Amino acid sequence: MITIKTSLGDIECELFEREAPETVSNFLRYVDSGHFNNTIFHRVIENFMIQGGGFDADFQQKATEAPVKNEADNRIGNKRGTIAMARTMDPHSATSQFFINVKDNDFLDFKAPTPQHYGYCVFGKITNGMDVVDAIEKVKTGNRGVHGDVPEENVIIRDIAAS
């Protein structure tokens, strides 16, 4: 279990250590190091997801460790209320950034071990605080430099703690 303490409230998550062991271990190393402290949800798209874990409140990207193997083939779907790893077009490029699905996003699920069909690894689910996720989803967004869908007022991740 983890608690994501945000400026809009707390979000509690159960982590799927058995189904996504490398991903959960990677995520907890970032938690233990304090990496997420005072970062922001930097990408918020209504009816899709909220993403955080990579930028501080000044919108400076944080340094990361090596990428983790994509475990999206665990067959856990990107359903509303699940937490998954964000990545680039390279299926095995996830580091610290994560997203919470605000609706069922089946098109993000693993379909085949190819770059275009690998999917996004779900490694946990929200057990309490979906109202906070929904509030974050509704914040007003705009552009910030080359980045779109950025909240106009920072939604801060004060801390993520394992319990």
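In this predicted model, Arg87 lies over the face of Tyr120, at 4.0 Å from the centre of the ring. Tyr120 also takes part in an aromatic pair with Phe99, and the structure holds ten aromatic pairs.

**Aromatic rings**
- Phe99 counts as buried because its relative accessibility is 4%, and buried means under 20%.
- Tyr30 and Phe36 form a tilted pair, with 6.1 Å from centre to centre and 50° between the planes, and both Tyr30 and Phe36 are buried.
- Ring pairs join Phe27, Tyr30, Phe36, Phe41, Phe98 and Phe123 into a cluster.

**Helix α1**
- Helix α1 covers residues 21-33, and its 13 residues reach 18 Å from the first C-alpha to the last, close to the 18 Å expected at 1.5 Å a residue.
- The buried residues of α1 are Thr23, Val24, Asn26, Phe27, Tyr30 and Val31; they lie on the same side of α1 because they cover an arc of only 160° around the axis.
- Arg29, Asp32 and Ser33 are exposed on the other side of α1.
- The buried residues of α1 pack against several strands, including β1 (2-6), β2 (9-15) and β10 (156-162).
- After α1 comes Gly34, which has a positive phi, near 80°.

Methods: Residues are numbered from 1 along each chain as its sequence is written. This is a predicted model: local features need pLDDT of at least 70, side-chain atom pairs count only at pLDDT 80 or more; totals for chains, interfaces and linings use all residues. Side-chain values use heavy atoms; hydrogens and water are left out. Helices (H or I, at least four residues) and strands (E, at least two) are DSSP runs, numbered from the N terminus. The expected span of a helix is 1.5 Å times one less than its number of residues. Buried means under 20% relative accessible area, exposed over 50%, partly exposed in between (1.4 Å probe, protein chains only). The arc is that of the directions from the helix axis to the C-beta atoms. Contact means heavy atoms within 4.5 Å. Rings of Phe, Tyr and Trp (its six-membered ring) pair if their centres lie within 6.5 Å; planes under 30 degrees apart count as stacked, over 60 as edge-to-face and the rest as tilted. A charge sits over a ring if NZ of Lys or CZ of Arg is within 6 Å of the ring centre and within 35 degrees of the ring normal.
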